[in-house]
Amino acid sequence: MGPFEHPQNSYYAATANPFGERPALAGAVTADVCVVGGGFTGLSAALNLAERGYKVVLLEQARIAWGASGRNGGQVNLGLRKGPEDLIAAFGQERARALFGMAEESRRIVTERIARHGIKCDFKPGTLHAASKARDCGWMQDEIDCLERQFGYRGARYLDRAAVRQELGSDIFHAGVLDSGGGHLHPLNYALGLAAAAEAAGVQICEQSRVTRIEKGTLNRVETSGGAVSAKYVVLACNAYLGDLEPRIAGKIMPIANFIIATEPLSEAEAREVIARDVCVADTKFVVSYWRLSADRRLLFGGGERYSTQPPADIKEFVKPYMLRVYPQLAGKRIDFGWGGMLAITVSRLPHVGRMDNVFYAHGYSGQGVAVTGIIGQLIAEAVAGTAERFDLFAAIRHQTFPGGTLLRHPLLVAAMLWYAMRDRL
Ligand SMILES: Cc1cc2nc3c(=O)[nH]c(=O)nc-3n(C[C@H](O)[C@H](O)[C@H](O)COP(=O)(O)OP(=O)(O)OC[C@H]3O[C@@H](n4cnc5c(N)ncnc54)[C@H](O)[C@@H]3O)c2cc1C
């Protein structure tokens, strides 16, 4: 894979809607806001800001959605990565309700944007959370109850073992939660649609424009090798690819690699057998497996994390055993694509959002960013415009630095992850 291309063996790159290359930043430019990073976070913030009348320049080091946003499972999930009861325990009822409400709003933002901007990204409604362990059944029932009673959310329904077997054509799950909200989409095409909408709203997008330095001041100066943007506000939306651009926040997130494969297209009957309602699915293992059907009926299956910086030698062979554990009947199917990407997690698994003077940042969605980036972009725009109440609800979440800081966080995380992955197997 060249550094500036979408991963070549990705199903998404192979089926991307046309979107021409955008010229790199050249020379000196001024703007109200400079957004660094052309994934969902950066695009969502840029679009919202431009819609409010701000002059926005977005700098992306590679191509639009080259990072996690163009490579992920495309699942538009419920809530945040912390369950409703955990949210209440951590923040009390009122704040938990507000955070959950914003996460739910973010799913509406996704579907509204698809409709408003006519984004062709194969959106299909519905998600299913499948219980890998017998003990998941209890908390799943409690969770549905809590969603209804505390948050007034009525879209989720409990499935017993027989019902989940019928939905998924697999014997290994004990129960499930079927959610009529959310759904799944082609993430690269969704991002390209957001980019087109942002440009139509006036955003200047520069690709192949890696930010190497930010000189802070009343006017921040954001530098690339080809030019510089002077802007009062900066939005850092680099997620797992932040590197050492802003050391003050880098230790709050941990980049980890995750991988997906796509089978050859299945027949209609085979597709219905593996996911009867065409919803997206995730299991409850610590190292989560997640899957869904593409518009051309391939099974897109994500599974297996890696905590080393080296990808596995053969991604298809690395992920396939996870798929066969769920669907042994697919053993004979050809695997046409296998690719990976980097996401960022936080210790709490809640997004790390905040500002340092006029530099805003948001990252670390911990596998939940397809939807949540929608509201975060909106909150950043609200905060820039001077109304930070909702932004502050996220910004007030306290985040631990990963033990060992940026230097040692990786070996320590590897040890912890391997321990939990081993518990999955036991
Ligand atoms: C394999 C995989 C599967 C996933 N599945 C799901 C899922 O099903 N559902 C879900 O909700 N979430 C999922 N996620 C997570 C989700 O993709 C992310 O939360 C989301 O895309 C984050 O968007 P972002 O814009 O913050 O980051 P990214 O999309 O990673 O974008 C950051 C961008 O910043 C650019 N950048 C970095 N540094 C610089 C610099 N110095 N100068 C200029 N540009 C820079 C990068 O090139 C990149 O394009 C998955 C992630 C992966 C990797």
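Hi everyone. Before we start, a word on what you are looking at: this is a predicted model, in which local features need pLDDT of at least 70 and side-chain atom pairs count only at pLDDT 80 or more, while totals for chains, interfaces and linings use all residues. Residues are numbered from 1 along each chain as its sequence is written, and side-chain values use heavy atoms, with hydrogens and water left out.

Let's take the whole chain. Its secondary structure comes to 12 helices and 17 strands; these are DSSP runs numbered from the N terminus, with helices being H or I of at least four residues and strands E of at least two. The radius of gyration is 21 Å, close to the 22 Å that the globule rule gives for 426 residues, so the chain is as compact as a globular protein of that length. That radius is taken over C-alpha atoms, and the rule is 2.2 Å times the number of residues to the power 0.38. Along the principal axes, the C-alpha atoms fill a box of roughly 60 × 45 × 45 Å.

How much of the chain is buried? Buried residues make up 58% of the 426, where buried means under 20% relative accessible area, exposed over 50%, and partly exposed in between, using a 1.4 Å probe and protein chains only. Of the contacts (heavy atoms within 4.5 Å) with a separation of 6 or more, 74% are between residues 24 or more positions apart.

Now for helix α9, residues 315-326. Here Ile315, Val319, Lys320, Met323 and Val326 are buried. They cover an arc of only 120° around the axis, which puts them on the same side of α9; the arc is that of the directions from the helix axis to the C-beta atoms. As a reminder, an α-helix has 3.6 residues a turn, so residues three or four places apart point the same way. Among the elements covering the buried residues of α9 are β11 (254-263) and β15 (335-345). At the N-terminal end, Asp314 caps α9, with a side-chain oxygen 3.1 Å from the backbone nitrogen of Lys316. That is a polar contact: a pair of N or O atoms within 3.5 Å, where within protein one must be able to donate a hydrogen and the other to accept it, and residues adjacent in sequence count only if both atoms are side-chain atoms.

On to the ligand. It is surrounded by 37 residues, and the closest are Thr41, Glu60, Ser69, Val211 and Val370; a residue counts if one of its heavy atoms lies within 4 Å. A ligand nitrogen is 2.9 Å from a polar backbone atom of Gly73, and a ligand nitrogen is 3.2 Å from a polar backbone atom of Gly367. The protein covers 98% of the 1000 Å² of accessible area that the ligand has on its own, by the Shrake-Rupley method with a 1.4 Å probe. Which element gives the largest share of the shell? That is β15, with 3 residues.

Lys82 sits in the loop between β3 (75-76) and α3 (84-116) and is partly exposed, at 24% relative accessible area. The side chain of Lys82 reaches the backbone oxygen of Ser348 at 3.4 Å. Thr127, in strand β4 (residues 124-130), is buried at 9%. Beyond four places in sequence, Thr127 touches residues including Val76, Val177 and Cys280.
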